[in-house]
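Subject: Structure handover

Dear colleague,

I am passing on the structure below, and my notes on it follow. Please read them with the coordinates open.

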Amino acid sequence: MDRMFRVLAFWTGIFTVMFYVGDMYNTALLFLVQTAFFLTVSYLKLSERMYMYLFGAYCTLFFIGFTWYSEFILVPGFGH
């Protein structure tokens, strides 16, 4: 399971580079933090159950944060 967290770190790292190149610095920073989190957790040698709990907690926080952002921050509109 620790390898899957390294895979998640790899892909969030790829997204970090792409967002940075696209001049989306805030999003790149957010993905850099996620990359550091996944990479750090992958080397902790935790049990399979603990990795699943951490991933479940990550998904829960993501869904709550995304719902909050899309409901209260994101303003729908046509263009800029």
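Throughout these notes, contact means heavy atoms within 4.5 Å, and helices are DSSP runs (H or I, at least four residues), as strands are (E, at least two), numbered from the N terminus. This is a predicted model, in which local features need pLDDT of at least 70 and side-chain atom pairs count only at pLDDT 80 or more, while totals for chains, interfaces and linings use all residues. Residues are numbered from 1 along each chain as its sequence is written, and side-chain values use heavy atoms, with hydrogens and water left out.

I begin with the contact of α1 and α3. Asp 2, Phe 5 and Leu 8 in α1 meet Tyr 51, Leu 54 and Phe 55 in α3. The residues of this contact divide into 5 nonpolar, no polar and 1 charged, where Ala, Val, Leu, Ile, Met, Phe, Trp, Tyr, Cys and Pro count as nonpolar, Asp, Glu, Lys and Arg as charged, and the others, Gly among them, as polar. The axes of helix α1 (residues 2-21) and α3 come within 10 Å and cross at roughly 30 degrees, which makes α1 roughly parallel to α3 (angles under 35 degrees count as roughly parallel, over 145 as roughly antiparallel, 65 to 115 as roughly perpendicular and the rest as oblique). Axes here are lines fitted to C-alpha atoms, for helices over the stretch in contact, and angles run from 0 to 180 degrees between N-to-C directions.

Helix α2 (residues 25-42) packs with helix α3 (residues 48-73) at an angle of about 165 degrees, their axes being 12 Å apart, so α2 is roughly antiparallel to α3. In this pair, Gln 34, Phe 37, Phe 38, Val 41 and Ser 42 of α2 meet Tyr 51, Leu 54 and Tyr 58 of α3, and the contact residues divide into 6 nonpolar, 2 polar and no charged.

Two loop residues deserve a look. Asp 23, in the loop between α1 and α2, has a positive phi of about 60 degrees although it is not a glycine, and Asp 23 is exposed at a relative accessible area of 53% (buried means under 20%, exposed over 50%, partly exposed in between, with a 1.4 Å probe and protein chains only). Lys 45, in the loop between α2 and α3, is likewise not a glycine and has a positive phi near 55 degrees; Lys 45 is exposed, with a relative accessible area of 62%.

Best regards
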